[in-house]
Amino acid sequence: MTSTTPAPYDLAALADDHLTAARKAEHGRSAELLIKEDPLLRQSVIALTEGSNLEEHNAPPAASLQVLRGRVRLTAVSGDVTLAQGQLHAIPQEKHGLVALTDAAVLLTAVTA
């Protein structure tokens, strides 16, 4: 009997792989959608080289950011938050952006509807 359960993700290995790819990328970014559970849940690994950013954008109905490697600054009208490896933070329900303070990888969890 074949199992349909997907294998677990190794977040440390994914973070390292995407940081390597981001360092080679012209724009300093690499990302992968890991989980897409319709209709609501999305989880992605995003790697950014130091100084790279994700421009300001609208927030989904609910989201969180977990830092897997490095340090980032989550920017928002309500105030910026600096996050380090191992920290988890809810993303505010307003326009926000992300800046890599060091080479960094994050796990973004978003509820889309």
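Which residues does L65 touch, not counting residues up to four places away in sequence? Keep that selection for stop three.

This is a predicted model, in which local features need pLDDT of at least 70, side-chain atom pairs count only at pLDDT 80 or more, and totals for chains, interfaces and linings use all residues. Residues are numbered from 1 along each chain as its sequence is written, and side-chain values use heavy atoms, with hydrogens and water left out.

**Stop one: H96**

Select H96. It sits in strand β8, residues 96-100. Strands here are DSSP runs of E, at least two residues, numbered from the N terminus. H96 is buried, at a relative accessible area of 4%; buried means under 20%, with a 1.4 Å probe and protein chains only.

Show its side chain. A polar atom there lies 3.1 Å from the backbone oxygen of E94. Now display the contacts of H96 (heavy atoms within 4.5 Å). Leaving aside neighbours within four places in sequence, they include E55, E56, H57, N58 and A59, as well as L74, T75, A76 and I91.

**Stop two: the sheet**

Select H57. This residue stands opposite H96 in β8. Next, colour β3 and β8, which pair in the antiparallel sense over 3 bridges. Two strands pair if DSSP finds at least two bridges between them.

Widen the view to the open sheet of 4 strands. Its order is β3-β8-β5-β6, with antiparallel pairing. At the edges are β3 (53-57) and β6 (81-84), each pairing on one side only. From one strand to the next, the twist averages 20°.

**Stop three: L65 and the cores**

Select L65. Beyond residues up to four places away in sequence, L65 touches V72, L83, Q87, L88, H89, I91, L98, V106, L107 and L108.

L65 belongs to the largest nonpolar core, which has 14 residues; L65, V72, L98 and V106 touch the most other members. Such a core is a set of buried Ala, Val, Leu, Ile, Met, Phe, Trp, Tyr and Cys residues joined through side-chain atoms within 4.5 Å. At least two of its residues come from each of β2 (41-48), β4 (62-69), β5 (71-76), β8 and β9 (104-111). Apart from it lies another core, of 10 residues, among them L14, A22, A47 and L107. In soluble globular proteins, nonpolar side chains tend to be buried together.

**Stop four: G70**

Select G70, in the loop between β4 and β5. Finally, display what G70 touches, not counting residues up to four places away in sequence: L83, A84, Q85, T102, D103 and A104.

Technical notes: Buried means under 20% relative accessible area, exposed over 50%, partly exposed in between (1.4 Å probe, protein chains only). A polar contact is a pair of N or O atoms within 3.5 Å; within protein, one must be able to donate a hydrogen and the other to accept it, and residues adjacent in sequence count only if both atoms are side-chain atoms. Axes are lines fitted to C-alpha atoms, for helices over the stretch in contact, and angles run from 0 to 180 degrees between N-to-C directions.
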